[in-house]
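Visitor: I am new to this structure and would like a short tour. Could you show it to me?

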Amino acid sequence: MKNRVYWCCCAFFSLVVVFSAAYYMSFKSTVNKNNVNDSTNVKAISSKNEDAVSVDGHSSVRISKDTKYIEESYDMADAVYSDNVVTLPEEYIGLNRAELEQKLTDYTKSLSDEETKKGLLYVTLVSFSDQSVTIRKVYDNKTHYKYYISVKDGYVVVYSNDKKTIVDKTEISYNNLLPNQKQEVNQGVYIDNLEQLYSTLESYSS
């Protein structure tokens with residue numbers, strides 16, 4: 001009887017040991033598998049993020065013919081700011097940001113006579129996307145011309161280079177000007193000297 005009890009106890013403890021060992025091995029296997037899966041997922045996510053960064057980092061947004069082109073203008077002499085949607089220059093179509101910035105740098109280095117008269121100092125890129133591009137032109141106009149022609153109360157008026165002091169209130173009616181002359185005085189005409197001033201006014205009155 002004692003031998004039977006002894007062997008029953010041994011068999012019971014043996015089963016407990018076997019089941020415990022099996023459970024431990026199963027648990028360890030599951031943990032290892034989860035760790036492998038987690039590691040794989042982390043690598044996959046990391047790989048996706050790297051791919052996304054790579055794509056974004058090398059993406060090239062370019063200007064199209066439908067891109068809105070905005071020119072901001074700031075006159076340091078008069079502290080006057082304005083911005084206008086203007087026609088997109090054809091040579092800018094197809095450019096990316098870096099290429100446009102280079103274009104603007106080249107533009108500043110070789111200014112037209114008109115921009116020089118206006119006192120343009122530099123041009124910078126304010127914002128860039130395929131939907132809209134904004135550039136800023138900064139002027140200091142007082143040092144580059146003597147007179148400024150504009151329109152006031154329906155007549156052509158001559159100002160000094162501060163654009164405030166009236167030098168001559170002419171009797172030239174705005175309504176009698178040619179279309180291109182109206183556009184000129186609306187934008188403002190920059191005059192270097194008296195000879196040029198008389199010549200311009202004569203062309204407006206003839």
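Guide: Let us begin with a charge and a ring: the charged end of Lys-163 sits over the ring of Tyr-148, 4.7 Å from its centre. A charge sits over a ring if NZ of Lys or CZ of Arg is within 6 Å of the ring centre and within 35 degrees of the ring normal. This is a predicted model, in which local features need pLDDT of at least 70 and side-chain atom pairs count only at pLDDT 80 or more, while totals for chains, interfaces and linings use all residues. Residues are numbered from 1 along each chain as its sequence is written, and side-chain values use heavy atoms, with hydrogens and water left out.

Visitor: Which ring does the charged end of Lys-182 sit over?

Guide: That of Tyr-174, with 5.5 Å to the ring centre.

Visitor: Back to Tyr-148, then. How far apart are the centres of the rings of Tyr-148 and Tyr-190?

Guide: The structure holds two aromatic pairs. In the pair of Tyr-148 and Tyr-190 the ring centres are 5.1 Å apart and the planes stand at 65°, so the pair is edge-to-face. Rings of Phe, Tyr and Trp (its six-membered ring) pair if their centres lie within 6.5 Å; planes under 30 degrees apart count as stacked, over 60 as edge-to-face and the rest as tilted.

Visitor: Where do Tyr-148 and Tyr-190 lie?

Guide: Tyr-148 is in strand E5 (residues 147-152) and Tyr-190 in strand E8 (residues 189-191), so the pair ties together parts that are 42 residues apart in sequence. Strands (E, at least two residues) and helices (H or I, at least four) are DSSP runs, numbered from the N terminus.

Visitor: Is Tyr-148 buried or exposed?

Guide: Tyr-148 is buried, at a relative accessible area of 10%, and Tyr-190 is buried at 9%. Buried means under 20% relative accessible area, exposed over 50%, and partly exposed in between (1.4 Å probe, protein chains only).

Visitor: How many bridges join E5 to E8?

Guide: Three bridges join them, and the two strands run antiparallel. E5 also pairs in the antiparallel sense with strand E6 (residues 155-160), over six bridges. Two strands pair if DSSP finds at least two bridges between them. Tyr-147 stands opposite Ser-160 in E6 and opposite Ile-191 in E8.

Visitor: What do E5 and E6 form?

Guide: They form a hairpin with two residues between them, and Asp-153 in the turn has a positive phi of about 55°.

Visitor: A new topic: in which order do the four strands of the open sheet come?

Guide: The order is E2-E1-E4-E3, with mixed pairing. Strand E2 (80-86) and strand E3 (120-128) are the edge strands, each pairing on one side only. E1 and E2 pair in the antiparallel sense over seven bridges, and Glu-72 stands opposite Asp-83 in E2.

Visitor: And where is Thr-67 found?

Guide: Thr-67 is in the loop between helix H1 (2-58) and strand E1 (68-75). Thr-67 is buried, with a relative accessible area of 4%. A polar atom of the Thr-67 side chain lies 2.9 Å from the backbone nitrogen of Ser-64, and one lies 2.8 Å from the backbone oxygen of Asp-130.

Visitor: Last one: which strand holds Tyr-139?

Guide: Tyr-139 belongs to strand E4 (residues 132-139), and counts as buried at 11% relative accessibility.

Note on methods. Polar contact = N/O pair within 3.5 Å; in protein donor to acceptor, adjacent residues only side chain to side chain.
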